[in-house]
Every structure is written in structure tokens, then in C-alpha cells.
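These are my notebook entries on a single model. I recorded what I looked up, topic by topic.

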Amino acid sequence: MNHKKPNLMTVRQVAKTGILPEHALRSMLKSGMITAVYVGRKAFINYDTLCQQLSRLGEKDFSASLESKEYQP
């Protein structure tokens, strides 16, 4: 069995990648929009899963915006 190790990063490490600001990540964790593994008070986010979740969220927002706009030649 070939299992890939999860790429777990702290909130600060994820924020340093530039994908989202630290405050946004913490707010999303608190609201339950993204998941994390907690060790004590420190949250570890699976970076690959976060990227997938954000891309799916972006696809939904993009398709919804396309559906709501009318075609104007």
C-alpha cells in the first residue's frame, strides 16, 4: 500500500504561502469551513486538502456568478 503522508502545516505556515491571510484562516477554522488536527492549542492544516477545498469553493462561486448573469451581446 502506497500512502502519501499528509502535508500538515500550522496556520502561520499556510499564511506564509500566500494562499490566504492568517486572520482569514483562523476565522475559517473557528466557523468550521476548514478542518484541522489540533495538538494542544495548535492547529495543523492539511495543505493539500485546503487547496482542494478552496478550488471547489471557487468553482461553485464562479459557476453561480455565471448563472446569475444574463447574456448581453
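**Sheet**

I looked up the strands first: three of them make an open, antiparallel sheet in the order β1-β3-β2. Strands are DSSP runs of E of at least two residues, helices are runs of H or I of at least four, and both are numbered from the N terminus; two strands pair if DSSP finds at least two bridges between them. β1 (8-10) and β2 (37-39) are the edge strands, each with a single partner, so one side of each has no neighbour in the sheet.

The model is predicted: local features need pLDDT of at least 70 and side-chain atom pairs pLDDT 80 or more, while totals for chains, interfaces and linings use all residues. Residues are numbered from 1 along each chain as its sequence is written, and side-chain values use heavy atoms, without hydrogens and water.

I then checked the pairing of β2 with β3 (residues 42-46) and found three bridges. Tyrosine 38 lies opposite alanine 43 in β3.

**Helix α2**

Which residues of α2 are buried? I noted Leu25, Met28 and Leu29; buried means under 20% relative accessible area, exposed over 50%, partly exposed in between (1.4 Å probe, protein chains only). Seen down the axis of α2, the buried residues fall within an arc of 100°, so they line one face of the helix; the arc is that of the directions from the helix axis to the C-beta atoms. On the face turned away from the buried side I found the exposed residues His23, Lys30 and Ser31. Glycine 32 follows α2 and has a positive phi, near 90°.
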